[in-house]
Each structure stands twice: as structure tokens, then as C-alpha cells.
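Please keep the structure open beside the text as you read.

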Amino acid sequence: MTTLLWICALLVVIAAGAYLRFSLLTTTIAAAVICAAASYFHVGSPLPFAIFVILALPFNIKSFRRQFISKPFLNIYKSIMPEMSSTEKEAIEAGTTWWEADLFSGAPSWKKLHNIPVARLTNEEQAFLDGPVEEVCGMLNEHQVSHELADLPQEVWQYLKDNGFFAMIIKKKFGGLEYSAYAQSRVLQKLAGVSSELASTVGVPNSLGPGELLQHYGTPEQQDHYLPRLAKGLEVPCFALTSPEAGSDAGSIPDFGVVCKGQWQGEEVLGMKLTWNKRYITLAPVATVLGLAFKLRDPEYLLGEQEELGITCALIPTDVEGVIIGRRHFPLNCMFQNGPTQGDEVFVPIDFIIGGKEMAGQGWRMLVECLSVGRGITLPSNAAGGIKTAAVATGAYARIRRQFKLPIGKLEGIEEPMARIGGNAYLMDGVNSLTTTGIDLGEKPSVISAIVKYHLTDRMQKCVIDAMDIHGGKGICLGPNNYLGRGYQAAPIAITVEGANILTRSMIIYGQGAIRCHPYVLPEMEAAFNPNPKESLRKFDNAVFGHIGFAISNFARSFWLGLTGARFSNAPYSDKTKKYYQQMNRFSANLALLSDLAMGTLGGELKRKERVSARLGDLLSQMYLVSGVLKRYNDEGRLTEDLPLVQWACEDALHKLQTSLDELLDNFPMGLGPILRFIIFPFGRPVTKPSDVLDHKVAKIMQTPCASRDRLAKGQYLTPTQYNIAGIQEQTFIDLIACEPIHKRICEVAGERIPFMWLDKVAEKGIELDCINTEEVELMKRAELGRLKSINVDDFDPEELTAMVKSANQANYAA
């Protein structure tokens, strides 16, 4: 019995050292003290202490450990680990890691999260949102774009060029606006709430495109020529990457260039013959300068000793002979400019390579780094902006539209999808702010950008479907008064572009995240292939024993946090958000543990086990989304009236995380699932999805004029102008709520229950009863006009509708 107690004491000390992440030496000394005490008190036997010393010394004497433990292991590691290709290395090394690495650590630092600066707009950026952005939103008639012009009106195009909308990323010294990533996000959110075509047209030149690449890699001559022209709108840029044979697998593009000499403007120069066939290129039909990605070959060794130089990026004026643009795709009736481009042996000077001939073959790294920034801004911002506007519009509609003698928003069946829309609108805005703040701090977050691209566009699509279900016939009948139909059509486009969501989830998020965010995997790989033997062994030894300690720590943390429900773990606040921080501590340890076990059991095969990597990626992704929610709540002053939105968003994301974790354990390699389930979920799954009560609270916020609702819609275009139907409906929503006490007064004086409709006639009754004044009469009449506009749907003369269908068919044929 005494021996058992000493063994338990030793295990507790080792486990505590692992949980608290003490160094190997510190934990060894603590364990040695226990063994020495056991030897002293256990009939004076020195055996426990001697056994411990024999086992512990080899691991603590570094010279011995490296020679007799790490060196053989290094040789085995090299034999089973294939060396990465240059393309894989560039993809992994491109960009930076940030908060996502903390989430992968098994012990996130909440102080670090909340010390990240609060995202703010400068006075200049706010003035741009309040001025030109507000103005162009008011100019746009979405129905005209989609049904009459099949394009933005020319006056809108010109306004965008004249006011620098295509120059938000360009530095001021070149005539650009040089706005922060956060400001770009706010601009795109506001535009997306009005028109997906408008947001896409503005977003692409400020994302992956010639402007971004030129500023980072262009020669001074290229920058001085192109950037001022791009800033003034004299050039319309596009970037051509995707080919019919290479979509998501962009690294296998078949488009190529051959280094050769040729004639250019009457002189023989060193150049390239380029052959390409690209598709899905936004702005290609109207572009004046084409960014082009291709594989460059140098068969005559005119640039050096290498024949296959690799992926290269060049800028090609579209008026160069042989460049083909102009035709359009027809993506789900969304009329942003998008189309193919081709060229067959088009000769251009070698100086057309972005960065000059020295950057030949460096295109893949350029693309990966720049794509990580643009992908973290454009599509996530468009998704958030669309859902923020949909949230307040749906809330207003649910309060205006009545069935069974009450607003439909009071029906529990409607509250459920409404809560999903409102909770996601809050989450998506918070995640956007966190991500763009990281970019503004200088991060190039390749893993985070993949997370937000996938999860925000996915949530956007589901929320649009919810909004359509709530609106019913109002949502499905297209026309000038439908503010949802085009968003519903556009949603799959966002799912598809800039890395298809299926691929992003199953390969990219965890494929990059496991290597980039894990504190030891990349150092192990780099050490193993270090050409210096001594340095290789030293670094590998440090990495591999750090990795072993990390795995043991996460095992201890997972078991303890599962056993206690994480109740005693660190949380920065003791309010209702405390449990969310604590569950994140728990799931972070689970992710780190399961990652090591998956990599250990599957090795390189993990790349092909996409459903395993997808579920591991879900754990990292959902924790990042919760981080955005908690950061937003903290940044906005921890306002208790916003708690229903915070709670809904956190519980929904954590429940989704738990579902993926549960599925992962059901399918874990080598039958380890049941054992791991006992360690991770000893008392069952701890997280429940948002309750009916919480759904009700969120739905109520969406239908009630209040500060929380205003923050939900922060920055969106809700001005009741001629073409802004959501803005007109918002005014009607406010008017109808103001009419409710007037209506109640008329009913009381009349002594009867009058239906809350035909408010103009109710107002006349109020005049007869002499219980309302002139202003109240005008309010009720205006509210009735708005009510009818909100609940009615568009209809057309058959000939007009036929003309619109013919116009759409002609656009389809032209595309």
C-alpha cells in the first residue's frame, strides 16, 4: 500500500510538471525528490531512487542523449520522411503564423489575444466611408445591373475610378489611398450589403492583383509607371491564374512561357513567348493590364544555368498583339465582369516579369504570400457585409410581416433561423476585425486566411438560405424590391472561388496549419534536412525532445481538463464568458494531442486522409472563430446587452467543433478512438448547441430598435434612398414600431380590437374619434405605404418579362 502511494505521488508530480509545462530538468529534479523521499522512508531502500537515476540521466545529459538517442532517430526520420518539393516548401514557408499558433499550442494566452490593438478607422478612412462609399451605394440600382445592363452603369464605373476605389491598397506616394486592411474590409462590407457585383468589382483590384504584387515585388520602373495609373483608374487590372486544367491545384498550371529573343518596337530584345488559356478571371473582359501566372522555361539558358525556372508572374498590357480578352462568363446571373483570356506565343520583353528577370521563377511564393492577405480580406468581408444587411433586413421584415394576427418574428419556427442569421452576423464581423487587425500588424496569415475564407463564405451561404426561408415568396420573386435573391444566387460563387471550400477545408487549413502552427514539426523537418551534420543533430535533438514534452503535456492537459470540465483552467474574466475561455483551453489541448497522434500513426499518409485532416482543421477553425467573438465583445466594452449574440456565436461554434471532434474520434486511425474518447470526454460531450431561450433573445434583438441591433448593422448602407430597398424597409420598420402605441390608443378609444393593417384607414378612424394628431396621421399613412412595399412582391407585364429573359439569354450567349 505504501509503495502504491509513493508511485501515485511520483505520477502526480510528473503529471503536474507536464500540465504546467515545466522544463525536463525541473520535472526531473521534482521527481528525484519524490524518489529520494521514497527511498528514505520505504525501509531505507535506495532502489526507487537508483532506478529513477538510471532512467532519467540519459535524457538529461544532452551529449549522451544526442549521440545515442537522437542520432539514430534522426537517421530513421530521414529515411521515412521524403524531402519536400520546392513548391511545397514555398507554400509552407510563405506567410506568417499569429494567433492560430496559440490555439494550436494547447495553452492559449488570453492576455495576448486581448492585448491585440482594437481595430479603428482613421478620420480619412471614416470620411471615405461616409462620403464616396455612401454616395456610390446610393447610385446603384441592382435590378438595372442584373436585368438591363448586365454590368455596372458607366457612371458608377467612372465614379469608382475617379474616387480611388481601385487604389485602396496603393501607397500615397503613388497617388493611392493607402488604407488599412480594416478600412478595406469596412468598405467592402458596406458595398456588399448593396450589391455583390459592386463589392466584387472593387474587391479584386485591392486583393490578389497587379497592384499588390507590384508594391511588394515590382521594379522601381514598373512601380513608377503602373501604380499611379492604377491609382487614377487609368488602368483596369486583372490577374489570371486559374486554367481549365488547374483550378484549386494552381501549382500545376499548364500555361507556359519560353525565354527567347524577338522583335519589340523595332528592336531585338530578350523576351518570352507566352501561351495561356485562363478562365474565371474577374475584370478580364474590361482589363487594360493583365497579370499573368505561367511556368517559365529557358531552353537556351539565356538567363542562367537552369532550364525549368518555375512559376513566374508578368504584367501584360491587353493591347499587345495576340492577347485575347472580351468574352464573359455568366456566373449564376451575377453581372460582375468575369471571363476567359488566351494568348498563343505572345512575345513580350523579359522586363515584363514583375520584379524584372531576377524574379523569374519566384511567382509561386509571390502568389502564396499575396493571396494570403487578399483572401483574408475580400471574400470574408463581402460575406460579413451581406449577412449584416440581411440580418437587420430580415429582422425588420419579420416585425413588419404579420400572420396569425402577430409579427412572424414572434413565431418560434421563425426565431430559430433568425437566431442563426443574427448570431452569425455578430461572429463574422468580429472575425473580420480580428483578421484584418493581424494583417495591419504586418502578418501574412496564410492559415487564418484559409479559415476565414472557408468558414465565413460557408456561414454566409447558409444564412442566406435561412433568410430566404423566412421571406418566403418575397425572397424568391426577383425584381427591383427583392434584396435577397441576387445574394442567394451569388453565394455559391464565393464558395467556389479563391480556393474551393471543399479543398480549403480538407487540405489547406490543416495541411498548412499542422506544419506552420505546431511548435516543433517544422523545426524537426528543417533540422533533418540541414546539410551541416552537427547543426542538424543539435537542432533535431532540441526539436524532437521539445516535441515529446509537448505531447506529454497535452496528454496530461487533455485528461485533467476533461476530468474537471476545464472548470479550474485559466480565464481572463469571471462573467458569463468564462466557460467559453475554459472550453477553448480544453479543445486547444485536444487539438494538439490529436494532431501528434494523427501524425504519429499516419505519417505522410495524413495528406491523403482528407477527412481526418478536415476534422482536425475544424477544431482549429472554430476556435479561431470563437476568438473573434470574444475579442469583439472585449473591444466593445463587454456590453451585457450584447451577451445573447456573444453566447449564441460561441456556443454554435464550439458545438460545431465538438461535432467534428466526435466524428474524428469515431474514425481515428488504428482503432485509438475509444481510448482517446475516454481521455477527452470522460463524462460525455460538454457543449450543447444554443438553446431555444437564447434563440429567442437573439431574434428579439433583431426585431427591436436598440443599441445591440445598431452594432449588429454597424457601417452598413441603410439610408432609405430610391434604390436601397433594405434602407426603405428599415425606415418602415422604425415607423411601424412608432405606430404601435398610436394603434393601441385608437383601439382603446374605439373599444374594439382593430387589425394592425390598413393603417391609413385606422388613422382615419383615429381622426373620427379625435384621439390622434396630424403628425400621427401622416406617420401612419407613410408607414402603411412602406408596409405594403415590404410585403408585396414585384410583378411584370408579360412583354417586359419576356424582354428581360431575352436580355439574360443574350448575355448568356455572349458569355
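Phe678 sits in helix α27, which covers residues 673–680. In this predicted model, Phe678 has a relative accessible area of 54%, and because the cut-off for exposed is over 50%, Phe678 counts as exposed. Phe678 also belongs to a nonpolar surface patch, together with Phe559, Trp560, Leu563, Phe568 and Phe683.

| Helix | Residues |
|---|---|
| α8 | 123–139 |
| α24 | 578–602 |
| α27 | 673–680 |

Now turn to helix α24. Is α24 largely enclosed or open? Of its 25 residues, 19 are buried, so α24 is largely enclosed by the rest of the structure. Its length can be checked too: at 1.5 Å a residue, the 25 residues should span 36 Å, and the end C-alpha atoms are 36 Å apart, so the two values agree. After α24 comes Gly603, which has a positive phi, near 60 degrees.

Finally, look at Glu125 in helix α8. This residue is buried, yet it has no salt bridge. How far away is the nearest side chain of opposite charge? It belongs to Lys172 and is 7.9 Å away; a salt bridge would need the charged atoms within 4 Å. Apart from neighbours within four places in sequence, Glu125 is in contact with Arg120, Tyr179, Ser180 and Ala183.

Note on methods
Residues are numbered from 1 along each chain as its sequence is written. This is a predicted model: local features need pLDDT of at least 70, side-chain atom pairs count only at pLDDT 80 or more; totals for chains, interfaces and linings use all residues. Side-chain values use heavy atoms; hydrogens and water are left out. Helices (H or I, at least four residues) and strands (E, at least two) are DSSP runs, numbered from the N terminus. Buried means under 20% relative accessible area, exposed over 50%, partly exposed in between (1.4 Å probe, protein chains only). Lys and Arg count as positive and Asp and Glu as negative; His and the chain ends are not counted. Contact means heavy atoms within 4.5 Å. Patches are made of residues with over 30% relative accessible area and no salt bridge: like charges are joined within 9 Å, nonpolar side chains (Val, Leu, Ile, Met, Phe, Trp, Tyr) within 5 Å. Accessible areas come from the Shrake-Rupley method with a 1.4 Å probe; for residues, only the protein chains shown count as cover. The expected span of a helix is 1.5 Å times one less than its number of residues.
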